[in-house]
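Hi everyone, thanks for coming. Let me put the structure up on the screen, and then we can walk through a few parts of it together.

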Amino acid sequence: MRFVIPARLSRALAGASQHGLHLAPSLHALAARPLFAWSTLARSLPACSLLACSMLACSSAPVTSAAPPAALTTPDVSAATEAGHATSSPLPEAAPAPRPPDAARGGRLYDSWRTERKLSSTISFDAASTPELDGKGGPNGNGTLNDGSGRPLPNTGHDYRLRSFFGWDLRGKQGLSGPDYQGESHVLERNLLADERSAEELRAWLASGDEQLPAYGEVLNAQDLDDLTAFLVQSREGKLARPEQVFQLDTKAPGNYRLRDGADPERGAELFTFVCSDCHGNDGRKLPFDAGHTLGTFARARGYEAWFKIQNGLAGSPMKGQIVAQSGADAAQTVLDLLAALCDRKQFPGRDFVGVQDVPDGDPRCGKYLK
Ligand code: HEC
């Protein structure tokens, strides 16, 4: 059994820095990528010091970790190739993949490939509000991507995000974004969690698009496509937490979902302290969020999105995927526990000033965990 507790590690490293030690950049990188790999919280941690355990785990990670371990040690290859393909056609596939696919990074690309790949300064999307194709950059130089037949696909507000086409829960029209629930306008028919195509077929489809899907191979490289494919395949195979293990759809609830029963909010609170609080503060108010949200108000109002980001990280941000679990069921339990803990309005309050309205008493989104 192996425990990796970089939040602790990061404190230890911070202490080391204060004492004038120069730390290797890879250790800083590790500290910025907290992970946990336990099915029950490590109440009985091994006797060795946490720092020593973590370092040990670090060196053995590629052998033992169930999740893509190379994320810890391999630099992001996309940066090196970024400049080359904003305006060019499909990339050469010759170079061998330098690391195994990283499904969490695939999830971040699914959410927003442009942000994750830091291409926002190179591609500004065609404006959804005008009929002309008036963006900049990309394969056509006008901020569009092509469809599967090579015709420019206008941006009608989807911003070419897979998340817009299939929803946070990957289910397309059958899921949270579909007409029975949130009814988003760009969502496509296909349910990616029930997709039976092979990994190779999925990857080829992502690369070349179809009538409605952009040909992502024009802007993403081989590693990106591998990561995206790994994300889709591992999600449907239940190797990552599946959305229905964390929340259930509900036409009547605001946001159309509610957290499932079966959480352990105390364990969630402990995990939060170990893994999240260094960055987010003990009460989840340290980092500014969109629209004046705190981590608490965000997680209570948009739990499905919090699930996605806790698992995969936030595109383009220092927050990487937070979960390394033995199985998708373990991962789901961990996310559910965390979200249940974040449903405590006293412990994880909103802002005292402006900010968004917190969920009211009796709000169903937190399931039975609203406090
Ligand atoms: C390495 C630092 C770091 C760690 C560790 C971390 N986060 Fe984050 N998190 C961030 C940053 C930075 C953001 C972006 C905040 C912003 O929008 O400006 C963020 C954003 C988020 C968001 C909102 C994303 C959005 O769409 O705005 C959620 C939800 C979240 N974190 C949850 C968690 C939880 C739960 C944990 C622990 C399991 C955690 N984070 C651990 C740094 C971290």
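This is a predicted model: local features need pLDDT of at least 70, side-chain atom pairs count only at pLDDT 80 or more; totals for chains, interfaces and linings use all residues.

Now, how far apart should the ends of α8 be? The helix covers residues 222-236, and at 1.5 Å a residue its 15 residues should span 21 Å. The end C-alpha atoms are 21 Å apart, which agrees. After α8 comes glycine 238, with a positive phi near 75 degrees.

Next, please find helix α12, residues 303-312. Here 9 of the 10 residues are buried, which leaves α12 mostly covered. Among the buried ones are Tyr304, Trp307, Phe308 and Ile310, and Lys309 is buried as well. What do these buried residues pack against? Their partners are the helices α5, α9, α11 and α13, along with the strands β3 and β4. Just after α12 sits glycine 313, with a positive phi of about 95 degrees.

Helix α12 also takes us to the ligand. The shell around the ligand has at least two residues from each of α10, α11 and α12. Which helix gives the largest share? That is α10, with 5 residues.

In total, 23 residues surround the ligand, and the closest are Cys276, Cys279, Ala306, Met319 and Gln322. Ala306, by the way, is one of the buried residues of α12. Sorted by class, the shell holds 17 nonpolar, 3 polar and 3 charged residues.

Definitions and conventions:
Residues are numbered from 1 along each chain as its sequence is written. A residue is buried if 20 or more other C-beta atoms lie within 10 Å of its own, exposed if 12 or fewer, and partly exposed in between; C-beta atoms are placed from the backbone. Helices (H or I, at least four residues) and strands (E, at least two) are DSSP runs, numbered from the N terminus. Two residues are in contact if their C-beta atoms, placed from the backbone, lie within 7 Å. A residue is near a molecule or strand if its C-beta atom, placed from the backbone, lies within 6 Å of it. Ala, Val, Leu, Ile, Met, Phe, Trp, Tyr, Cys and Pro count as nonpolar, Asp, Glu, Lys and Arg as charged, and the others, Gly among them, as polar. The expected span of a helix is 1.5 Å times one less than its number of residues.
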